[in-house]
Amino acid sequence: MANTINSTPISSEYHTLAEEIYSLDYKSALQDPYGKSSESPAFLYGTAIQGYPDIYHADLLGQYLLSTIGDNWYNHIHVVPSTIVLGNLLSAQEVEIEVWNGFFESKTLNDITEYNTDGMELSEPGATPLVYDPLESKIYSVNVAVIGPAAIDGEYKFNFDVYSMLLSLTGNRVV
């Protein structure tokens, strides 16, 4: 069984195994259906089930596998921060954004689409299409001028070959 993430049902064989592990005290040996045994404790949360590296974080009550921090962090594109609240803008502001390729293979930023970005300028580290190496991050900066519409409600959409990520900027120009 391959690694699975959020809300993927596990088979009844693994559910039965998980129930057996849960009922053991941590000093008991684990005997699995395939005849392997372990003298070490079988931890159900935070690590793989002993002897079953593809099963982790089994939720006994809901019979679902839960995701780990690695599932949430890796194999995703991250824009940090993804939402910027500028508040009341009295002077020009510059905000740095980090875009991180959390994949273990290269991904390409095809283009960046702008929505309602009057009075804002995005400084890019290179021209698109831009290749992100595995686990590489790049820093962008957004300059927000005091001249522009009174309400700031702009978005930059980073269009990668796998999917798109959104950077949202909100605030008010007071000057």
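Which residues form one aromatic cluster? In this predicted model, the members are Trp-73, Tyr-74, Trp-100 and Phe-104.

Now turn to the surface. A nonpolar patch is formed there by Ile-69, Trp-73, Tyr-74, Phe-104 and Leu-135. Together these residues have about 530 Å² of accessible area. Trp-73, Tyr-74 and Phe-104 belong to this patch, and they also belong to the aromatic cluster.

Ile-69 is another member of the patch. Its place is in helix 2, which covers residues 69-73. Ile-69 counts as exposed because its relative accessibility is 69%, and the cut-off for exposed is over 50%.

The ring of Phe-103 lies under the charged end of Lys-107, which is 4.6 Å from the ring centre. The ring of Tyr-132 has the charged end of Lys-138 over it, 5.1 Å from its centre.

Thr-117 sits between strand 11 (107-115) and strand 12 (120-123). Is Thr-117 buried or exposed? Thr-117 counts as buried, because its relative accessibility is 11% and buried means under 20%. What does Thr-117 touch, not counting residues up to four places away in sequence? With those set aside, Thr-117 touches Glu-155 and Tyr-156.

Methods: Residues numbered from 1 in each chain as written. Predicted model: local features only at pLDDT ≥ 70, side-chain atom pairs only at ≥ 80, totals over all residues. Heavy atoms only, no water. Patch = residues over 30% accessible without salt bridge, like charges linked within 9 Å, V, L, I, M, F, W, Y side chains within 5 Å. Areas by Shrake-Rupley, 256 points an atom, 1.4 Å probe, with all protein chains shown as cover. Salt bridge = Lys/Arg side-chain N within 4 Å of Asp/Glu carboxyl O. Helix = DSSP H or I, 4+ residues; strand = E, 2+ residues; numbered from the N terminus. Buried < 20%, exposed > 50% of the residue type's maximum accessible area, 1.4 Å probe, protein only. Phe/Tyr/Trp six-rings, centres within 6.5 Å; stacked < 30°, edge-to-face > 60°. Lys NZ or Arg CZ within 6 Å of the ring centre and 35° of its normal. Contact = heavy atoms within 4.5 Å.
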